[in-house]
Amino acid sequence: MTPLEDFDTAASTVTGLVSAVTDWRAPTACADWDVRAVVNHLAHGNAKVAFWAGAGPPAPEGDYLGASPVESFAASVLRARSVLASPGLLTRTVTTPLGEVPGVFLVHMRVNEYVVHGWDIADATGASTDLLPDLAAGALEQWRSRFGTAPRQEGGPFGPEVAAPEEATAADRLAAFLGRRSVRS
């Protein structure tokens with residue numbers, strides 16, 4: 001699949017999870033974030049894509065979901081997709097919080113965020129966490145490469161790795177690597 005096809009697949013899966021939310025205040029594996037906060041974080045990240053791509057102003061912190069979280073999230077995905085599909089973006093250099101990177105990196109950032117936080121939403125809402133096996137395995141590889149064996153602090157956005165059961169899915173292994181513990185336990 002192409003990077004944009006990966007984006008579409010991940011975005012569709014997460015949009016489906018968001019569309020099924022019935023309890024926006026349900027706790028998630030992300031410390032201090034309920035389901036609404038996780039979805040808002042994803043929508044905010046979608047808004048940042050335009051800035052990082054040089055196609056819009058900075059996206060300030062705030063509520064990106066308003067009174068219609070499902071519709072607002074879906075609209076944020078469409079806006080991000082439009083920016084990511086801009087001619088030449090995937091091959092030109094863009095500036096992100098991680099430095100100067102090829103534009104295709106923006107696509108990978110969104111896919112990884114969708115997979116990780118899709119797991120958070122699925123776990124919190126009782127949906128299957130067996131999400132996007134190929135994309136989850138790829139995201140795990142990328143996160144392992146980025147973090148290596150560097151220590152991570154408990155309570156941070158990515159805590160110390162926790163043990164994943166032997167039968168864990170790729171998404172469950174990714175979540176465990178990033179320090180997430182299921183709220184279902």
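## Starting at Ala53

Ala53 touches Val83, Leu89, Arg92, Val94 and Leu106, once residues up to four places away in sequence are left out; contact here means heavy atoms within 4.5 Å. The residue sits in the loop between H2 and H3, where helices (H or I, at least four residues) and strands (E, at least two) are DSSP runs numbered from the N terminus. With 3% relative accessibility, Ala53 counts as buried. The scale is this: buried is under 20% relative accessible area, exposed is over 50%, and partly exposed is in between, using a 1.4 Å probe and protein chains only.

A word on ground rules. This is a predicted model, so to speak of local features takes a pLDDT of at least 70, side-chain atom pairs count only at pLDDT 80 or more, and totals for chains, interfaces and linings use all residues. Residues are numbered from 1 along each chain as its sequence is written, and side-chain values use heavy atoms, with hydrogens and water left out.

## The overall fold

The protein has 6 helices and 2 strands, and reading along the sequence gives α-α-α-β-β-α-α-α. Its radius of gyration is 16 Å, close to the 16 Å that the globule rule gives for 185 residues, so the protein is as compact as a globular protein of that length. That radius is taken over C-alpha atoms, and the rule is 2.2 Å times the number of residues to the power 0.38. Along the principal axes, the C-alpha trace spans about 45 × 40 × 30 Å.

Of the contacts with a separation of 6 or more, 62% are between residues 24 or more positions apart. Buried residues make up 45% of the 185 in the protein.

## Surface and charge

The accessible surface comes to about 9,100 Å², and carbon and sulfur atoms own 55% of it. Those areas come from the Shrake-Rupley method with a 1.4 Å probe; for residues, only the protein chains shown count as cover.

On the charge side, there are 14 positive and 21 negative side chains, and the centres of the two sets lie 5 Å apart. Lys and Arg count as positive and Asp and Glu as negative, leaving out His and the chain ends. Each charge is placed at NZ of Lys, CZ of Arg, CG of Asp or CD of Glu.

## The nonpolar core

In soluble globular proteins, nonpolar side chains tend to be buried together. Here the largest nonpolar core has 55 residues, and Phe7, Phe73, Tyr114 and Ile121 touch the most other members. Such a core is a set of buried Ala, Val, Leu, Ile, Met, Phe, Trp, Tyr and Cys residues joined through side-chain atoms within 4.5 Å. At least two core residues come from each of H1 (3-19), H2 (35-52), H3 (69-84), H4 (104-125), H5 (133-147) and H6 (170-177). H4 gives the largest share, 11 residues.

Neighbours within four places in sequence aside, Phe73 is in contact with Val14, Thr15, Val18, Val39, Leu42, Ala43, Asn46, Leu65 and Tyr114. Ser76 is buried, at 4% relative accessible area, and its C-alpha atom is separated by 12 Å from that of Val14, 62 residues away along the chain.

## Pro3 on helix H1

Pro3 lies in helix H1 and is partly exposed, at 25% relative accessible area. Beyond neighbours within four places in sequence, Pro3 is in contact with Val104 and Val107. The C-alpha atoms of Pro3 and Val107 are separated by 6.4 Å, although the two are 104 residues apart along the chain.

## Loops worth a look

The loop between H4 and H5 holds Thr129, which is buried with a relative accessible area of 13%. Leaving out residues up to four places away in sequence, Thr129 touches Trp119, Ala122, Asp123, Thr169, Ala171, Asp172 and Arg184. Leu132 is in the loop between H4 and H5 too, and counts as buried at 13% relative accessibility. Its phi is near 40 degrees, a positive value in a residue other than glycine.

Asp32 also has a positive phi without being glycine, near 70 degrees. Asp32 is found in the loop between H1 and H2 and is exposed, with a relative accessible area of 80%.
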